[in-house]
Amino acid sequence: MEVLQEVKPRVFKFGDKHADGNSAMKNLLGGKGANLAEMSSIGIPVPPGFTITTEVCTEYNSLGKDTAINLIQREVEESIANIENLMGTKFGDKENPLLVSVRSGARVSMPGMMDTVLNLGMNDEVVLGLAKKTKNDHFAWDSYRRFIQMYGSVVLGMKPASKEDIDPFEEIMENLKEKRGIELDTEFTIEDLKDLVFDFKDAVKKRTGHDFPTNPWNQLWGAVMAVFNSWNGDRAVYYRNMHGYPADWGTAVNVQAMVYGNMGDNSGTGVCFTRDAGTGENVFNGEYLINAQGEDVVAGVRTPQQITKLGSQRWAELAKVKEEERLEKYPSLEELMPSIFNELNSYQNTLEKHYRDMQDMEFTIQNGKLWILQTRNGKRTGAAMVKIAMDLLKEGMIDEKEALLLVESNKLEELLHPIFDSKALKKANVIAQGLPASPGAATGKIVFFADEADKYKSSILVRIETSPEDLEGMNIAKGILTARGGMTSHAAVVARGMGKCCISGAGALKINYKTRTLTVNEHEYHEGDWISLNGSTGNIIEGKVATMEPELSGEFAELMKLSDKYSVMKVRTNADSPKDAKVARSFGAQGIGLTRTEHMFFELDRIKAMREMILAETVKGRKQALEGLLPMQREDFEGIFEAMEGFAVTIRLLDPPLHEFVPHQLATQKDLADEMHISLQAVKNKVAELAEFNPMLGHRGCRLGNTYPEITEMQTRAIIEAALNLKERGIICKPEIMVPLIGTVKEFEFQEKIIRATAKAIFKERNDKIDYSVGTMIEIPRAALMADLIAEKADFFSFGTNDLTQMTFGYSRDDAGKFLPTYLKKGILKVDPFEVLDQEGVGQLVKMGTERGRSTKPNLKVGICGEHGGEPSSVEFCYHVGMDYVSCSPYRVPIARLVSAQATIKSIK
């Protein structure tokens, strides 16, 4: 017996207050298609049309053009017939033609990233019928030349031959303007437009070898497939990668009956926002053009005018245009077409209340009738996003939970770092592109060596790559630029911790330390030359660019307070200095999840004592050198404890291999030999002895402390004595001592024994005590597997997902940049696992380690202190695992606080 299978719909119709879909179907219909369906259903005047689903895009990419067309041909033909019925026109008819637009529509807004075709259905016969029907020859021929231009570019590939060349159609138009002595497109006569149509078609034939298609159905299928192709175009791929949108989402295609804003002075087109997308101000605003089509507003060929009278007056004030001139030459839509404006104003109010969010709308006025072509939740700045959310809450349009969910967590970064002045950026000369490793804006003079960062008042440290020895110079410099390294390279991690602007992995840079030059595209820059870094985009800019400090508005503080109300999982910070700790606390950090003690040893007055300890041949010699470091470490911890008074501070014992602390350059080795009164050969021998083939898996972490227990003793003494000193001053501190890189229970036991014995001795010496805890960093896969046994001894776990990711994938973080871009491009990986926690692999080890640890110790405190602690999807994962806290760099604390609240709210919903 034959089993009948239900055929899933692939095309959804809308129009005349009816729709097959709704706004909840964005994944299937794309944002534009879902909103068109929703608007039609609630009575907004939307030109009728249909949406081809995102699933068809996926089928097209996997099965090919012919199969995709066969899957949807019947539904598309039925949908075209529906538009014909509603509009009273006929697709391809010579006397009463239906023309359509074909637009993309992904599930998220990707403005300008994919392709659009307008006026589809035009040919030499249809243009005559349209002219006769509308009694407007100029409009008909203008629409025809626009169609050939758009279709030729989007579908037939009529692009400029090179980036230096002008668009082939624009070149034809410019030549005619020059011949006719005119400047604007609107000045073309009917005969001019006819000439353009002929010349455009001739250019298509010469360039492609084929005549311009005249069959409307062939035109339609060509445009639909071109929109599908644009999903994988360079622009769309770059935009997806920038925002982390998966390639398998695909785009929908929206086909709508054309309505025209270029039919004369009672027609027009525009874009409007229900609130200010830049500031969040609750004021209706936008721009329009009379006798124009949609692309004219955004193309910049003509200067659009303001929709509201208030907006027009504000514009005139900035442009220094007098009121009389404004009213005569640049009237607002509110003043020029008051009834149309009132209708538009009514719709914008309806749509904002319906969607309960700021809307970005497109509209067309055809012969005095208003049509709404699109609405979507408007893109906005971080500051606007926060203000709009809090204002909508105060207005009673949304509740507290909805206000928190309305804010995109990553947008908060814009509120936390210095930014370039937008006007100055427009004039900037971008010389190269790197990875936006740490947001912000920095301008300074080039220096190539960390110890010379203070050579200029404002410097940019330019390195092939950085190392821990560069820390002081990195701190002094205004920004950091490296030719190598990824988003979690040393430069990137340290810069984010400092809140310092950083661009890494700028492969186009050729850096020559000997000549102190930076070469980009054959242009040479020297030490002392000015450059600017845009850490938010990765743009490297020639010369100075003016910056301005961001303003943290009252709404920002309100949002953070609201986040804490709903958060279950706390947010700590990664901080290695009192300064970092204070910054993080001002952003709401509730403790420190990671203090890296090794960074404290690289300052000039400490590195000498550290090197003396390393070069010592006996325990006694090492202890003597460590005694010199003890007061310095103790002072550091006192500052950090004081900055985080009342909150827990997790301090990781020494982690990196000792070879990172010794000099590798001959001149520095000579200096060290002279200072220590030993031979240069002795220094060289020690450096050679410490060298490792794979330092990541070498003599580091707890292996150092177990080999040289005197290091652990000194660090423990510094921590405990610092806490006792603060206790005497009435300052409460809660030290948590963390043992790094354990793989066996015994490794932890040996370190814990040293720590507790040292603490006990100090308590006896001081006749006083403080509460402290001893835990471990879970960053080796074996530790996650053995977590139940480790938890019998450890007071807490902190997952170090940077190293855990390296060891689980077998990728070196510092070398992965050589192949990760290829892996991402080919789809072998969807995201960089060093940026976004790999929940399927590494995440399962985290989940397993947490569950096994708590099976032994139910109240085990668990957190994360890798770079993933500030990445939104990773933070949300940590909440679902049941972590007590996440820890991240100071400037990502507000982001993590918001995501923590959002995760709680989503789990309740």
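**Hairpin, sheet and surface**

Author: This is a predicted model. E12 and E13 form a hairpin, with two residues between them. Asn367 sits in the turn and has a positive phi of about 50°.

Reader: How many bridges join E12 to E13?

Author: Eight, and the two strands run antiparallel. Met361, for instance, stands opposite Thr375 in E13.

Reader: What order do the strands take in the open sheet?

Author: E11-E10-E9-E12-E13, five strands with antiparallel pairing.

Reader: Which strands stand at the edges?

Author: Strand E11 (305–306) and strand E13 (369–377). Each has a single partner strand, so one side of each is left without a neighbour in the sheet.

Reader: Back to E12. How does strand E12 pair with strand E9?

Author: In the antiparallel sense, over six bridges. E9 covers residues 268–273 and E12 covers residues 359–366. Gly270 has Phe363 in E12 as its bridge partner.

Reader: And side chains in a regular strand: where do they point, relative to the faces of the sheet?

Author: As a general rule, they alternate between the two faces.

Reader: OK, surface now. Which residues form the negative patch?

Author: Asp451, Asp454, Glu472 and Glu603.

Reader: Take Asp454. Where does Asp454 lie?

Author: In the loop between strand E17 (441–447) and strand E18 (459–463).

Reader: Is Asp454 buried or exposed?

Author: Exposed. Its relative accessible area is 54%, and the cut-off for exposed is over 50%.

Notes: Residues are numbered from 1 along each chain as its sequence is written. This is a predicted model: local features need pLDDT of at least 70, side-chain atom pairs count only at pLDDT 80 or more; totals for chains, interfaces and linings use all residues. Side-chain values use heavy atoms; hydrogens and water are left out. Patches are made of residues with over 30% relative accessible area and no salt bridge: like charges are joined within 9 Å, nonpolar side chains (Val, Leu, Ile, Met, Phe, Trp, Tyr) within 5 Å. Accessible areas come from the Shrake-Rupley method with a 1.4 Å probe; for residues, only the protein chains shown count as cover. A salt bridge is a side-chain nitrogen of Lys or Arg within 4 Å of a carboxyl oxygen of Asp or Glu. Lys and Arg count as positive and Asp and Glu as negative; His and the chain ends are not counted. The place of a charge is taken as NZ of Lys, CZ of Arg, CG of Asp or CD of Glu. Helices (H or I, at least four residues) and strands (E, at least two) are DSSP runs, numbered from the N terminus. Buried means under 20% relative accessible area, exposed over 50%, partly exposed in between (1.4 Å probe, protein chains only). Two strands pair if DSSP finds at least two bridges between them.
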